[in-house]
Amino acid sequence: MVHGLGLGVCLQALASRPEVEHVLVIEKSEDVRALVAPHYRTMFGDKVQIDLGDAFTWRPQALRFDFAWHDIWDDLCTDNLEEMATLHRRFGRRVMYQDSWGKGLLQRQRRHEKRNAW
């Protein structure tokens, strides 16, 4: 499962792997989906499913996922860490592994800011 289609870089990396049977992408923007999805549907066919939805309100029909990648932020900043934590809690029992784009970088940045606070 991928939250955020963007240009489809993560989708392509996952769908290209022979051991991956299905990739579900949840994208909030109809415009992004309309622009990018046809290319990946042509490339990967039924292996790829791209649905409209909001990562914070979307209700998965599957009980479990092997992997979740959260990549919904236009601008990375330490303020995003709270939303990342929310998604990780929300899907924590549904996935074997999950991560968020830039999470490690933002955590290091926050630690640096705390050490160097006035």
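## Salt bridges

In this predicted model, three salt bridges are counted. Side chains of opposite charge can pair when their charged atoms come close.

One of the pairs joins Glu19 and Arg17, whose closest N and O atoms are 2.6 Å apart. Arg17 has a relative accessible area of 43% and is therefore partly exposed.

## A pair between distant parts of the chain

Another salt bridge connects Lys28 with Asp54, with a separation of 3.2 Å between the closest N and O atoms. This pair links distant parts of the chain, since the two residues are 26 residues apart. Lys28 belongs to the loop between strand S2 (23–27) and helix H2 (30–44), while Asp54 belongs to the loop between S3 and strand S4 (65–70).

The two partners can also be described by their accessibility. Lys28 is exposed, because its relative accessible area is 63% and the cut-off for exposed is over 50%. Asp54 has a relative accessibility of 22% and so counts as partly exposed.

## A pair within helix H2

Arg33 and Glu30 form a further salt bridge, in which the closest N and O atoms lie 3.5 Å apart.

Arg33 is partly exposed at 21% relative accessibility, and Glu30 is partly exposed at 37%.

Val48 is part of strand S3, which covers residues 48–52. Its relative accessibility is 6%, so Val48 counts as buried; the cut-off for this class is under 20%.

When neighbours within four places in sequence are left aside, Val48 is in contact with Leu11, Ala15, Val23 and Tyr40. A separate comparison concerns Val48 and Ser100, which are 52 residues apart in sequence. In space, the C-alpha atoms of Val48 and Ser100 are 20 Å apart.

## Cysteines and disulfides

A disulfide is a covalent bond between the sulfur atoms of two cysteines. In this model, the count of disulfides is zero.

Cys10 is partly exposed, because its relative accessible area is 21%. Cys77 likewise counts as partly exposed, with a relative accessible area of 26%.

Note on methods: Residues numbered from 1 in each chain as written. Predicted model: local features only at pLDDT ≥ 70, side-chain atom pairs only at ≥ 80, totals over all residues. Heavy atoms only, no water. Disulfide = S-S within 2.5 Å. Buried < 20%, exposed > 50% of the residue type's maximum accessible area, 1.4 Å probe, protein only. Helix = DSSP H or I, 4+ residues; strand = E, 2+ residues; numbered from the N terminus. Contact = heavy atoms within 4.5 Å. Salt bridge = Lys/Arg side-chain N within 4 Å of Asp/Glu carboxyl O.
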